Amino acid sequence: MIPACRLADLPRGEAHRLDIEPPVSVFHTDDGELFAIDDTCTHQDASLADGWLEGCEVECPLHASKFDLRTGAVDAPPAKLPVRTHEVVVEDGMVHVRLSADAPNLPPCISARLAGGAA
Amino acid sequence: MRTVAVVGASLAGLSAARSLRQRGYDGRLVVIGEESHRPYDRPPLSKEFLAGTIGEADLALERDDEELHAEWLLGARATGLDRTARAIRLADGREVRADGVVIATGAAARTLPGAEGLAGVHVLRTLDDARALRDDLARGGRLVVIGGGFVGAEVASTAYALGLDVTVIEAAPTPLAGPLGETMGAVVSALHTDHGVRLLCGVGVKGLSGERQVEAVLLEDGRSVPADTVVVGVGARPCVDWLEGSGITLDNGVKCGADGRTSLAGVVAVGDCANWYDPHTGTHRRVEHWTGALERPAAAVAALLAHGATEPGVPRAPYFWSDQYGVKIQFVGQAAGADSVTVEEGSTDDRSFLAVYRRAGRQVAVLGMNQPRLFTRARKQFGTAAS
Ligand SMILES: Cc1cc2nc3c(=O)[nH]c(=O)nc-3n(C[C@H](O)[C@H](O)[C@H](O)COP(=O)(O)OP(=O)(O)OC[C@H]3O[C@@H](n4cnc5c(N)ncnc54)[C@H](O)[C@@H]3O)c2cc1C
Ligand code: FES
């Protein structure tokens, strides 16, 4: 489990980005629910924490793809692949994230950069 | 309605086809496209695809599991619309009868007279254009971009990152003054000079020199700029020639209402070819941006299926983005007619700011450079403030 931030520091309607590789963001919805998903849009290199949170959906700040925070599913294009979702655990006022074991769906421009870096 | 034909198989056409199915239309759906490709995304053609960081498969607009139950007639150019027979004529002589028609034929790159047949000279609109340009850029050397608009600026930025020696030539005194205004046009186009890319403004192009391969761009002031590759980025014209004589009203594209309804019943127009009525400004405008081509077909399809019995809603303010030299540029609204522009966050020197355009004290546009978070919030508020 990775500690993210104190719950008191994450107001409703806001997101907190964890700068791990790949980055993950925790969203606190207006209804008080907490969700964690991969922070990078699956379309291109945008941070979903910079996006627009509405209900259980986040809209990407660049080209307005929408992702369902509960499932990671794409609700509106251009993104074609879902983001991963991660488990959120709150203990003693601290928000933690338990990372998914699935492979992330990184956008092609980032996959290419990572592949280039590894070669 | 038993058959709907969508003419133009790109972003706006695909979006219309999706909307038809989402709204429960279960009749025959025919999508006619001149290019042989399935719908693909154009913005990366001047950015990631040209840079070689993404491939052709990544450009696909459709999801792998997407099934629209449409007949795709690709590599098929529409040459006419017969309003009485309700038929679309194709270049190969075929005819598609349809009781509903969505016109989504987009725009084509303008060219320079006299550039034909000279190797090394390119325009950039299609995947085929992008492949050819990418091959030429791979040889390195000197690139001259004619036109400092968004597509030209993005090509310059990509070619700079690929290590080419780049010059941009712009006829107007300030590039991007049309879409961004003089002040911000100057700020954004300074990205070229920030990176050592030459920017020549206020000078027209007289012609190109070279026997079979382009060698130089000749300027009206007598200068000659040596070039191995030239990109002509002087805008686009709507692809509506095929509608001449059909009886549909054409005026800088297909003239239509806020919801895409044209002068012919059962025919709507969407995307870059549509010159739609904007209730915000009280004028018709043809907006060549990706987001409009994606979003506006929903209203047009609703109007088509309701046989025009819908009230056109108020369209969202036009939004576009551009990526240049690693800087994200985002814009919403309309700069023309603004009487002031103020930087409200960040600073133009840092190329990281939010600027608000106003007319008589009312916000009419917002520009962001490298501020996706603030811009997104401003854009959401813009929607409510402007209505
Ligand atoms: C290089 C480039 C970069 C861009 N970057 C950005 C960006 O960063 N941000 C942004 O907001 N916008 C950008 N745009 C603009 C955006 O791509 C367009 O607004 C969008 O593609 C419009 O979609 P459309 O479907 O209306 O038209 P188009 O994409 O032009 O598609 C029209 C289709 O119709 C077909 N067609 C034409 N005539 C006929 C006919 N007679 N019969 C059958 N088919 C026909 C054409 O072959 C074409 O496939 C960019 C455009 C280009 C070219
Ligand atoms: S980067 Fe998210 S929609 Fe394009």
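Mentor: Leaving out residues up to four places away in sequence, A:Ala36 touches A:Val24, A:Ser25, A:Val26, A:Arg84, A:Thr85, A:His86, A:Val88 and A:Val97. Please keep in mind that this is a predicted model.

Trainee: What makes these residues contacts of A:Ala36?

Mentor: The term requires heavy atoms within 4.5 Å. A:Val24 and A:Val97 are among the residues that meet this for A:Ala36.

Trainee: Why is A:Ala36 called buried?

Mentor: Its relative accessible area is 2%, and buried means under 20%. A:Ala36 is therefore buried. Its place is in strand E4 of chain A.

Trainee: How far apart are A:Ala36 and A:Val89 in sequence and in space?

Mentor: They are 53 residues apart in sequence, and their C-alpha atoms are 10.0 Å apart.

Trainee: What makes strands E4 and E9 of chain A a pair?

Mentor: At least two bridges are needed between two strands. E4 (residues 34-38) and E9 (residues 85-91) have two bridges, in the antiparallel sense, so the term pair applies. Within E9, A:Thr85 is the bridge partner of A:Ile37.

Trainee: How do you know that E9 and E10 of chain A pair as well?

Mentor: Five bridges join E9 to E10 (residues 94-98), again in the antiparallel sense, and the definition asks for at least two.

Trainee: Where is A:Ser100 found, and what does its side chain reach?

Mentor: A:Ser100 is in the loop between E10 and helix H1 (108-118) of chain A. A polar atom of its side chain lies 2.9 Å from the backbone nitrogen of A:Asp102, and the limit for a polar contact is 3.5 Å. Apart from neighbours within four places in sequence, A:Ser100 is in contact with A:Arg84, A:Thr85 and A:His86.

Trainee: How many disulfides does a search of the whole structure find, and why does A:Cys5 have no bond?

Mentor: The search finds zero disulfides over all chains. The closest cysteine sulfur to that of A:Cys5 is in A:Cys56, at 18 Å. A disulfide needs sulfur atoms within 2.5 Å, so the sulfur of A:Cys5 is too far away for a bond.

Trainee: Are A:Cys5 and A:Cys60 buried or exposed?

Mentor: A:Cys5 has a relative accessible area of 10% and A:Cys60 one of 5%. Buried means under 20%, so A:Cys5 is buried, and so is A:Cys60.

Trainee: What makes B:Arg379 a charge over the ring of B:Tyr319?

Mentor: The charged end of B:Arg379 is 4.0 Å from the centre of that ring, and the distance cut-off is 6 Å. Likewise, B:Arg38 lies over the face of B:Trp72, 4.0 Å from the ring centre.

Definitions and conventions: Residues numbered from 1 in each chain as written. Chains lettered and ligands numbered in written order. Predicted model: local features only at pLDDT ≥ 70, side-chain atom pairs only at ≥ 80, totals over all residues. Heavy atoms only, no water. Helix = DSSP H or I, 4+ residues; strand = E, 2+ residues; numbered from the N terminus. Buried < 20%, exposed > 50% of the residue type's maximum accessible area, 1.4 Å probe, protein only. Lys NZ or Arg CZ within 6 Å of the ring centre and 35° of its normal. Polar contact = N/O pair within 3.5 Å; in protein donor to acceptor, adjacent residues only side chain to side chain.
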